Amino acid sequence: MIVYQKKHLRIAEYWNGEEPKLAGVDLVRCFQHPQPREGMLGREFYTIPLALNRDPEQLLGGINRDTRYEIRRAASQDQLTYECRKGTDGNAFRQFCNYYDDFATQKAQPKIDRAWFSLLAGNGALDLSQVSDSTGETLVWHAYHRSKHRATLFYSASLFRKLDSSAIRNKIGRANRFQHWQDIQRFKAEGVSVYDFGGWYEGHSDQERLRINKFKEEFGGEIVRNYICERALSVKAKLFLRLRRLLLGDAI
């Protein structure tokens with residue numbers, strides 16, 4: 001659980017079945033529930049979880065054939081280095097945030113909320129990994145919310161958009177698939193039972209998000225509906241939730 005202030009609201013976030021305490025904050029938010037919680041507003045959220053309680057051969061066999069080829073080629077030919085980094089490692093934290101901010105700038109998206117991200121790290125819930133090439137150049141970063149039984153992808157960042165070479169762009173694509181497979185194997189070895197790709201876009205109009213869907217689907221797993229459950233504990237939080245419903249906008 002983490003607590004933070006945003007847009008004049010004090011928010012408590014709970015993950016993976018943590019029992020929320022309904023006191024001392026304006027808004028309680030619970031992630032990754034298979035059903036809406038009683039007494040809370042449930043917003044649908046689609047994702048692709050992989051069950052890791054299978055043999056590595058079964059996990060690999062569930063991956064798209066072309067993707068398996070890309071993973072093997074990356075491992076055997078691309079001279080990649082895979083590293084896992086703790087979110088409490090201040091140097092790794094700064095490296096990831098700086099890299100992600102460059103990535104977000106390329107995509108004209110918001111930069112990372114470092115205050116919120118540092119709360120996750122301080123709570124032991126942040127897991128980072130990176131893949132580099134033979135020169136030490138970082139190709140891809142991944143950031144996860146990590147709990148005892150579930151690892152949920154928060155961010156995947158690479159700077160391929162600024163590259164003109166299709167060969168290098170393809171290499172980064174292989175590196176990303178290789179990194180997901182390394183993450184999956186590592187989490188399984190550490191006793192994590194669910195690898196969550198962190199969302200699946202249910203719309204039809206955003207072509208980039210549809211491409212991301214296709215990438216995630218390459219690894220197998222079924223698309224499931226979860227719920228983000230919220231409860232307002234103050235007048236201003238109730239007004240916020242009501243206004244959001246009226247405007248059909250995104251959450252804070």
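Two strands pair if DSSP finds at least two bridges between them, and the strands (E, at least two residues), like the helices (H or I, at least four), are DSSP runs numbered from the N terminus. The model is predicted, so to speak of local features a pLDDT of at least 70 is needed and side-chain atom pairs count only at pLDDT 80 or more, while totals for chains, interfaces and linings use all residues. Residues are numbered from 1 along each chain as its sequence is written, and side-chain values use heavy atoms, with hydrogens and water left out.

**Exercise 1.** Describe the overall dimensions and the secondary structure of the protein.

*Solution.* Begin with the elements: the protein has seven helices and 11 strands. Next, take the C-alpha trace, which spans about 60 × 40 × 35 Å along its principal axes. Because a compact globule of 252 residues would have a value near 18 Å, the 19 Å of the protein agrees with the rule.

**Exercise 2.** Work out the strand order of the open sheet of six strands, and follow the pairing of β8 with β9.

*Solution.* The order in this open sheet is β5-β10-β9-β8-β7-β6, and the pairing is mixed. At the edges stand β5 (49-51) and β6, each of which pairs on one side only. Neighbouring strands are turned by 25 degrees against each other on average, direction ignored; axes are lines fitted to C-alpha atoms, for helices over the stretch in contact, and angles run from 0 to 180 degrees between N-to-C directions. Within the sheet, β8 (residues 138-146) and β9 (residues 150-157) run antiparallel and are joined by six bridges, and Arg 146 stands opposite Ala 151 in β9.

**Exercise 3.** Find which strands helix α3 and helix α4 lie across.

*Solution.* Contact here means heavy atoms within 4.5 Å. Helix α3 (residues 90-106) lies across β6, β7, β8 and β9, and runs at about 110 degrees to β8. Helix α4 lies across β7, β8 and β9, at about 145 degrees to β9. Helix α4 (residues 114-122) also lies across β1 and β2, running at about 170 degrees to β1.

**Exercise 4.** Trace the open sheet of five strands and the pairing of β2 with β3.

*Solution.* The order is β1-β2-β3-β11-β4, again with mixed pairing. The edge strands, each pairing on one side only, are β1 (2-6) and β4 (41-47). From one strand to the next, the twist averages 25 degrees. Strands β2 (residues 9-15) and β3 (residues 27-33) run parallel and are joined by five bridges, with Ile 11 opposite Leu 27 in β3.

Notes. Rg over C-alpha atoms; globule rule 2.2 N^0.38 Å.
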